[in-house]
Amino acid sequence: MLTKHLELTRKRKNCELASYLTMKITSTSCICPVLVCLCFVQRCYGTAHHSSVKVTRNQTKHIEGETEVHHRPKRGWVWNQFFVLEEHMGPDPQYVGKLHSNSDKGDGSVKYILTGEGAGTIFIIDDTTGDIHSTKSLDREQKTHYVLHAQAIDRRTNKPLEPESEFIIKVQDINDNAPKFTDGPYIVTVPEMSDMGTSVLQVTATDADDPTYGNSARVVYSILQGQPYFSVDPKTGVIRTALHNMDREAREHYSVVIQAKDMAGQVGGLSGSTTVNITLTDVNDNPPRFPQKHYQLYVPESAQVGSAVGKIKANDADTGSNADMTYSIINGDGIGIFTISTDKETREGILFLKKPLNYEKKKSYTLNIEGANTHLDFRFSHLGPFKDATMLKIIVGDVNEPPLFSMPSYIMEVYENAKVGTVVGAVLAQDPDSANSLVRYFIDYNDEDDRFFNIDANTGSIKTTKVLDREETPWYNITVAASENDNPGLLSHVTVGIKILDVNDNPPELAREYDIVVCENSKPGQVIHTISATDKDDFANGPRFNFFLDEHLSLNPNFTLRDNEDNTASILTRRRRFSRTMQDVYYLPIMVSDGGIPSLSSSSTLTIRVCACERDGRVRTCHAEAFLSSAGLSTGALIAILLCVLILLAIVVLFITLRRSKKEPLIISEEDVRENVVTYDDEGGGEEDTEAFDITALRNPSAAEELKYRRDIRPEVKLTPRHQTLSTLESIDVQEFIKQRLAEADLDPSVPPYDSLQTYAYEGQRSEAGSISSLDSATTQSDQDYHYLGDWGPEFKKLAELYGEIESERTT
């Protein structure tokens with residue numbers, strides 16, 4: 001039976017351990033050093049025995065060589081957890097505990113074996129005594145416990161005396177880790193004017209020591225900096241406000257230092273700290289205030305309407321939306337002259353001019369302006385009304401103003417065709433200043449403008465300078481400028497619109513040129529067309545139009561005109577049927593008058609064509625197609641004829657083009673390097689294979705019958721007799737033959753004006769048997785006797801018969 005023996009007090013004799021034990025034991029009963037040791041032993045043993053004792057019931061295993069015996073198993077291991085102190089710094093290995101088996105008689109026959117985590121490296125065992133020691137300093141924060149296995153075996157037989165069992169060595173904690181704030185430093189806000197005790201933030205410090213053992217991880221919070229404005233709960237770490245009505249406008253930022261100390265805050269504990277930066281956020285607890293109760297503003301009378309003439313601002317100690325405000329004019333004699341708006345960026349009141357100022361009429365104005373917050377917080381309504389008012393006096397400044405026209409713009413009228421110098425109208429301007437200087441007028445023309453008007457510089461009377469035509473320009477806009485005689489630089493301008501009134505000076509005209517058609521089968525009184533008219537004059541001098549026939553002409557027997565009294569007229573027939581063959585065009589003179597005073601009229605002639613129509617009145621054909629219609633040809637037939645003609649023309653053009661393309665010029669271009677070289681790759685064809693080379697040049701000189709010349713040029717020299725050529729060729733060798741041919745080519749006037757390459761294939765003198773070539777056999781007058789072929793044997797019998805017949809035919 002293995003048991004564990006704790007020998008604590010005999011092994012831990014150094015002063016450091018005694019000091020540690022003294023710090024750990026807080027009971028009032030442990031007063032003297034002896035009681036310190038007794039209390040420690042009692043606490044360790046009691047804690048281990050009551051909370052960590054683990055009793056395991058092991059079954060008896062069958063050992064080799066013994067018969068299996070079934071009996072009640074007895075307890076082989078009785079374990080309590082082993083403890084080893086962390087951060088041990090002593091010179092000797094730290095004693096952990098002792099293993100002992102009831103089979104061990106003390107004679108050294110039992111061997112103890114230790115396996116598992118750290119066995120042999122961190123933990124070693126005396127295999128004879130069973131004492132376990134720790135050889136290294138351990139850190140509980142890295143590893144809290146080690147799981148090992150112990151076994152007792154017979155040293156002689158190496159057989160287990162006890163079954164293997166598991167036990168745990170726990171690393172006992174010491175206070176070697178200070179609390180840490182992992183999330184610091186902190187940045188947090190809290191509204192100003194908050195109630196005392198308002199929660200700001202909860203901070204949390206962590207301690208790596210064992211929270212289940214002693215007070216090493218028991219943290220207590222305290223405030224080192226930030227009093228008396230803030231406080232911290234020692235247990236929870238919640239930071240709260242400690243004063244009433246903390247004002248952001250007085251102080252906005254606070255830096256609070258919080259400390260966390262372990263060992264429940266006792267002496268000897270470790271501590272850590274963090275910083276909490278607290279900012280008070282703004283609330284609307286300050287009303288706006290104008291720095292002054294009275295303001296004065298100077299505005300010249302020349303200020304433009306709608307322009308900004310001044311600014312005013314009320315101060316607000318708050319920020320953001322809490323400082324937003326609006327400005328308004330609550331009363332004053334200038335409430336209708338000025339208006340105010342708020343600039344949201346600068347929080348200023350911008351004063352605008354609503355109506356023009358006149359120093360001569362009123363020299364000052366008074367305004368009461370109010371500035372009020374737009375976002376109110378009713379919690380602070382007791383601090384007073386969140387608005388303020390001030391008085392603004394506006395002084396109107398006198399300036400030398402330009403002349404002022406009596407009207408902002410002028411409209412004038414004049415009839416067209418009026419005489420040059422006709423008065424159109426007049427403008428009037430006066431000096432608004434008290435000096436009342438004289439005013440001069442002139443028209444402000446651009447350089448490219450046509451000047452149809454001028455103005456009297458003293459009176460402002462506008463007159464025409466050219467004859468006006470309403471139909472060309474119905475309206476004129478001119479700009480009149482006025483300046484003081486004493487100060488020509490001050491100008492004022494006014495727009496003058498001149499309307500040109502209409503005069504009936506344009507006769508009416510037909511709206512367009514009409515193409516009128518009358519059908520051959522028309523009936524009397526039939527409307528064949530409707531016409532209308534236009535007039536360049538205004539409506540009063542134009543419509544209504546009157547249409548009628550010329551009264552001075554005789555009555556038209558074919559057509560008449562009917563006025564529809566709606567500014568249109570209808571053309572009607574007066575007889576039945578018309579014939580294109582007799583007359584295909586008729587002319588109808590008409591008159592048109594307008595409704596002006598006096599009335600103007602014009603005459604026009606309508607052209608009426610006679611056409612063949614369908615029964616429903618659709619035009620089928622007119623005189624332009626009369627011939628084809630009489631011949632019985634339709635439009636489709638005419639198109640077919642035209643297509644045939646075009647196709648024939650295309651064929652003729654193509655044929656002529658192909659014939660021209662076959663005739664190649666002798667010399668293609670100046671850059672053509674013509675080498676007259678012909679290559680023969682076959683043995684047939686003869687002379688007809690090419691037109692560019694004489695085949696006789698390739699024959700044996702002795703077989704040449706005559707001197708050949710070029711076929712593309714007619715020779716001008718006489719041909720050499722055949723018997724002379726043959727005799728000459730037979731008597732010379734090939735060198736002389738080539739020289740002779742070269743001389744003939746050089747002296748021949750019929751050769752082309754460029755070099756040509758000629759090839760002479762000479763194979764030596766003729767054989768005794770002569771040539772058996774069939775070339776020119778049908779045309780050459782040979783005197784050869786072929787009777788000897790009959791003597792050559794039966795193989796040449798057919799040849800002898802053949803040439804014998806030819807010879808007989810030649811003789812005949």
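Predicted model: local features only at pLDDT ≥ 70, side-chain atom pairs only at ≥ 80, totals over all residues.
Residues are numbered from 1 along each chain as its sequence is written, and side-chain values use heavy atoms, with hydrogens and water left out.

User: How far apart are the closest N and O atoms of Arg470 and Asp502?
Analyst: Arg470 lies in the loop between strand E29 (461-464) and strand E30 (475-484), and Asp502 in the loop between strand E31 (491-501) and strand E32 (509-510), 32 residues apart. Strands (E, at least two residues) and helices (H or I, at least four) are DSSP runs, numbered from the N terminus. A salt bridge needs a side-chain nitrogen of Lys or Arg within 4 Å of a carboxyl oxygen of Asp or Glu. Arg470 and Asp502 form one, with the closest N and O atoms at 3.0 Å.

User: How many salt bridges does the count come to?
Analyst: Salt bridges that share partners join Arg248, Glu249, Glu252 and Asp282 into one network. Another salt bridge is formed by Asp377 with Arg379, the closest N and O atoms being 2.9 Å apart. By the distance rule the count comes to 16.

User: Is Lys362 buried or partly exposed?
Analyst: Lys362 forms a salt bridge with Asp333, their closest N and O atoms being 3.6 Å apart. The pair links distant parts of the chain, with Lys362 in the loop between strand E20 (348-353) and strand E21 (364-373), and Asp333 in the loop between strand E18 (325-331) and strand E19 (338-343). Asp333 has a relative accessible area of 43% and is partly exposed. Lys362 has a relative accessibility of 32%, so Lys362 counts as partly exposed.

User: Which residue in E21 is the bridge partner of Ile329?
Analyst: An open sheet of four strands, with mixed pairing, has the order E16-E22-E21-E18; strands pair if DSSP finds at least two bridges between them. Its edge strands are E16 (294-300) and E18, each pairing on one side only. E18 and E21 pair in the antiparallel sense over six bridges. In E21, the partner of Ile329 is Ile369.

User: Which residue in the turn between E28 and E29 has a positive phi?
Analyst: Strand E28 (residues 453-455) runs antiparallel to E29 and is joined to E29 by three bridges; Asn454 has Lys463 as its bridge partner. E29 also pairs in the antiparallel sense with strand E25 (residues 423-426), over three bridges, and Ala426 stands opposite Ser461. E28 and E29 form a hairpin with five residues between them, and the positive phi, about 80°, belongs to Gly460.

User: With the side chain of which residue does the side chain of Asn177 make a polar contact at 2.8 Å?
Analyst: Asn177 sits in the loop between strand E8 (165-172) and strand E9 (186-191) and is partly exposed, with a relative accessible area of 21%. A polar contact is a pair of N or O atoms within 3.5 Å; within protein, one must be able to donate a hydrogen and the other to accept it, and residues adjacent in sequence count only if both atoms are side-chain atoms. The side chain of Asn177 makes one with the side chain of Glu141 at 3.1 Å. The contact at 2.8 Å is with the side chain of Asp176.

How values were computed
Buried < 20%, exposed > 50% of the residue type's maximum accessible area, 1.4 Å probe, protein only.
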